[in-house]
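Load the model and colour it by confidence. Then follow the charged side chains through the helices.

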Amino acid sequence: WMPGAMVGLREIDPNGVRKRQLMGFGASVLLAVCMVAGFQAAHKGSGPVGLLQKSSIGANILKMQSLANGTAPAAAAGNGTAASDEAAPGDGGSVLFIKDGSLAGLVVADIIVYVCGAAGVGFACYLYWIVSKINLTADGEEQSLMVKSAKESDEELVVIYETIQEGAQAFLWAEYQICGIFVVGFGLLIFVLCSHTSGEWSWNIGGLTALSFVIGGVTSILSGYIGMMVAVFSNARTTVSAKYEGEEGWQRSFNCAFRAGGVMGYSLVALSLMTVYTLSLCYREYFSVFGADGERSIHYKHLFECLAGYGLGGSAIAMFGRVGGGIFTKAADVGADLSGKVIGVGDGKKLDEDSPYNPGVIADNVGDNVGDVAGMGSDLFGSFGEASCAAMLIGASSAAIAEAGWGALVFPLYISAFGILVCLGVSFVATDVYPVKKEEDIENVLKVQLFLTSVGMTVVLFPLAYGALPASIDLGATTGVTPLMCYVAVVSGLWGGCLIGFITELYTSHSYTPVRDVALSAETGAATNIIYGLALGYQSCILPVIIIAVIIFLSLKTSGMYGVALAALGMLANLSTCLTIDVYGPISDNAGGIAEMVEFPSSVRDKTDALDAAGNTTAAIGKGFAIGSAALVSLALFGAFITRASASMAEDKSLATAGVNLLSPIVFGSLVFGAMVPYWFSALTMKSVGQAANAMVKEVARQWAEIPGLCDSAGLDFHERQEARANGQVLVKPDYQACIEIATKASLREMIAPGILVICTPIIVGSFLGVQAVAGLLAGSVASSVQLAISMSNTGGAWDNAKKYTEKGELNGMFQFRDGSSIPLEDFRIAAEANHGNDAIKQYGATKGGKQEEVDIKDWLSELASKDPQRYIRILTGDEGIKTTDGRTCVYAGKKSAIHSAVVVGDTVGDPLKDTSGPALNIVMKLMAIISVVFADFFMSINGGNGLFNMGDIGA
């Protein structure tokens, strides 16, 4: 069908436009056709009962149907064969079909999930409606409340806004075309390999797993798209809101960015929750059998094993979103920063961040949304899907939970459902009860959100656990688990995530000493700045890793692997708020970029810079949450993998009972190899960013050299450009699209190799070396990825905010200028602590009434650049000192200075660490684990789980 369709399209559409647009749809239809064909081939003319008879699990179903009916082994399901009341071979002695609980449990679950989900979607629509009421072009009454700006700036804002939107949409369309092809191709692979279990072909199992994978992938794509579109819709509106003067400007701009982040936060969690629950309900019907008395019994094991494909789909798309988006955004960011802030346009002139005359600036702003919004959304969506699937799969292995009914089985989803309501209520604290009125309020308001949602969930989860879970639960070797123990596991994850977030803030916010030390280290150049940043990243691993280790020990000791999965969901319990704060950051960053590009007054940029600086910190907090939850999710999936693989082993020799022997040669060797994979992955992504950034810098240099008048326009400062426009001079703008195209092509090309590495590694290891090797591989990759991800993310975050701290002028007055008559160094440092910042180096300017007045350093330097360019350059390079208000002579350390260049170098080194490689490592450990879960039965079908090379000792 597909080749014929493509030939026809080529004839009617020579340019191939429709072919590209319909390829994704056609491939999806092909997958559906293959799945249906598989069903029909295996069960032709059978009907629902015949399908059960002819599948590889048919004997087990027939056996358990008779058990569920409470009858003696007799003919069941109408096939005339007797069903044994013993467990089928390879089931580990477990009971496959469990009698369904009361209808009330199902009804309650439906109400909780769909009501909470609908509330989340409704609230997201409400927030979007409020944001959409902000006009990009203010009327006369509104303009009277705003700072004045040029008419050209207001018109340019709309143009820039639309350009960023178009760039973001173009990249997403190109990326999701590749993702669509991947979903179809890998879906077919899942369909085939997951159908091969226990040496037989179960096309229904493979088909349903593939269907879950496709739905998970599509939902992940939708999540990223929603986030991206909301972010590019609200960025300019945040800029416009920042034009209001005084407290109103702070409150309006913060609320706009925060509410826009909430659109993604609540819609993503709600849609994900309802999708996975609806899919589980459909599979519940499929895996049900009915006895003579009409009682329903359900094969929960296969239900949740097939559902695991949903988490795989979400995580696979997140991999491409994180890697592709990360390469795009950091190639553009590094290229733009190096071109404008370090290299400059000649004669010592350098560009401000987001200067409209830097050709890479639009690509940089597009990239903020691509990586930090779409990528982060897909990442945390994957965590939610995987943690939910892992918890329900492990829970279904407990007879007590299964017999307690549907409500107990879907208890993991209740955590996220009530999390929506708690986060929804607390959000009004930030926007209405305790709003932002000044710069210092921003970080406090965001931290209060995390704290209050954690408190609220702590209260809500206690009755929830006791109402949903049975009084006593046996989970393999862990017996006598109570609802209180499960509650403790969830709460430990919840507060552990909160603590990790606040510790991350300590190491990444310039409000605290660690980041300030990194900034101060730039006095002696970029090298010491980089050394300090690396040391900070390594040090920042200590406390988060200890917290994660304590959570794992506590939950594993009290509730087994089920507790670990619940702890992961606990860390994601306030996911709506975490996503809101995460998306708030890139929106604020874009808002500041737009304010700079359209040359709004400095008071507007001061607000957006403050919002952006807080956004950098909260983004780092969000990354801390994501890393911690990824570690717990990966361990939970590891438990699910062991549980699923052990179901095909003799109970006394299963991995779930006997454990994984670390001293086994194949296990230990695979563990060391697994610990190497994150470094291999990071090498690929880091090099990709470097290559793309190199191409970007060359393109910027080409435009400055070849586009007539561009360099001259870029070299003018704000006032000079205003004067030039007033004189009728036309200023030349760069070719933004060329840089967007470079970043797009590089990201789509370079994301393939890292994706193949992560996806293929567990499949190859499991197929050739067996499940024991996979166990070692997963353990090594998780242990290595956690440390590397934390250090990378925090190092990059610290360098970024050290740059922000420098650009605020906070280093001015801190560095002594050596002129031969300096005061003792210790005395200088004491004085600097008491008097530093831009206010400490105000200079005397024009006289008024015969008296000299202090002038802000920015205005003084701007005037000096036109009056005495040579002295201006000497001050910026540190060759001439500048007096402080208390009489000291110091080195200028503000924007465009030599010290600023040093911190910019550190920031550019950290960009791919914190926004490409570091965040993507979350997906490395999760994706390898969920792939292992999905393909566990296939691995077990090869030499009894020992692999093609028969390297393991399972069954020995």
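The paragraphs below go from confidence to salt bridges and end at one helix.

This is a predicted model, in which local features need pLDDT of at least 70, side-chain atom pairs count only at pLDDT 80 or more, and totals for chains, interfaces and linings use all residues. Residues are numbered from 1 along each chain as its sequence is written, and side-chain values use heavy atoms, with hydrogens and water left out.

Start with confidence. pLDDT is the predictor's confidence in each residue, from 0 to 100. The protein averages 81, and 85% of its residues score at least 70. Helices here are DSSP runs (H or I, at least four residues), numbered from the N terminus. Helix α1 (residues 2–12) has the lowest mean pLDDT among the elements, 31. Helix α18 (residues 526–539) has the highest, 95. Across residues 1–95, pLDDT stays under 50. For that stretch the model has 118 contacts (heavy atoms within 4.5 Å) beyond four places in sequence.

Now the charges. Side chains of opposite charge can pair when their charged atoms come close. A salt bridge is a side-chain nitrogen of Lys or Arg within 4 Å of a carboxyl oxygen of Asp or Glu. The whole structure holds 29 of them.

Look at Lys330. Lys330 pairs with Asp333 in a salt bridge at 2.8 Å, N to O. Both residues sit in helix α10 (residues 300–343), 3 residues apart, about one turn of the helix. Lys330 has a relative accessible area of 2%. Asp915 is also listed at 2% and counts as buried. These residues join a network of salt bridges that includes Asp612, Asp800, Lys803 and Asp907.

What does Arg749 form with Glu750? The two form a salt bridge, the closest N and O atoms being 3.3 Å apart. Arg749 is exposed at 53% relative accessibility, whereas Glu750 is buried at 18%.

Finish at helix α30 (residues 857–867). Ile857, Trp860, Leu861 and Leu864 are buried there. Seen down the axis, the buried residues of α30 fall within an arc of 95 degrees (taken from the directions from the helix axis to the C-beta atoms), so they line one face of the helix. At the start of α30, a side-chain oxygen of Asp856 reaches to within 3.0 Å of the backbone nitrogen of Lys858.

Terms used. Helix = DSSP H or I, 4+ residues; strand = E, 2+ residues; numbered from the N terminus. Buried < 20%, exposed > 50% of the residue type's maximum accessible area, 1.4 Å probe, protein only. Polar contact = N/O pair within 3.5 Å; in protein donor to acceptor, adjacent residues only side chain to side chain.
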